[in-house]
Amino acid sequence: MKRVRLRFKVEESIDYIDVLIRASEKDEDISELVRRIKPSDSQQLTVLDEYDRSCVIDESEIIYVTSDAKNVRIVTAKETYRARQSMQNMESLLNDRMFLRVSRFEIVNLTKVVKYDFTVAGTLRIEFADGNETWASRRYIPLIREKLSGEEGYLC
């Protein structure tokens, strides 16, 4: 692991713990550090497997949620599941600190993202830890920028 410098600052005006990780890039060391210090506040979701049997997964396993004309699919590293809920319902169920809607048809898990590539043309390419990628809708880019650059530290 790279050299780590820790600093603590008392700030009486806030009622939460604010952790900022600064590095030249987000690599495996950073991801592991975030995983270790991040409190587990994920919930369990009931989904359908490929044989339409109900099963329970932890929302932290989700890489992204996507939909087409009639199905909402939940993609994990192990398997792709189906949801009974609509995209709108899925968005309200998922932890808004972990998940971000990037288009009408996709919600991504921010903890599974390794790279955001804002292009000169104004589009956004999102690359996941498993090598998959997606593109954000132009309509959602201002919202995404706001959330990613906010004080809350959504980039981790």
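Colleague: Why does Asp49 count as buried?

Modeller: Its relative accessibility is 10%, and buried means under 20% relative accessible area, with exposed over 50% and partly exposed in between (1.4 Å probe, protein chains only), so Asp49 counts as buried. This is a predicted model, in which local features need pLDDT of at least 70, side-chain atom pairs count only at pLDDT 80 or more, and totals for chains, interfaces and linings use all residues. Residues are numbered from 1 along each chain as its sequence is written, and side-chain values use heavy atoms, leaving out hydrogens and water.

Colleague: Which residues is Asp49 in contact with, leaving aside its neighbours within four places in sequence?

Modeller: Cys55, Glu79 and Tyr81, where contact means heavy atoms within 4.5 Å.

Colleague: What makes the aromatic pair of Tyr64 and Phe128 stacked?

Modeller: Rings of Phe, Tyr and Trp (its six-membered ring) pair if their centres lie within 6.5 Å; planes under 30 degrees apart count as stacked, over 60 as edge-to-face and the rest as tilted. Tyr64 and Phe128 are 5.4 Å centre to centre with 25° between the planes, hence a stacked pair. A search of the whole structure finds one aromatic pair.

Colleague: Are Tyr64 and Phe128 buried or exposed?

Modeller: Tyr64 is buried at a relative accessible area of 15%, and Phe128 is buried at 2% relative accessibility.

Colleague: What makes the charged end of Arg145 sit over the ring of Phe118?

Modeller: The test asks for NZ of Lys or CZ of Arg within 6 Å of the ring centre and within 35 degrees of the ring normal. The charged end of Arg145 is 4.0 Å from the centre of the Phe118 ring and sits over that ring.
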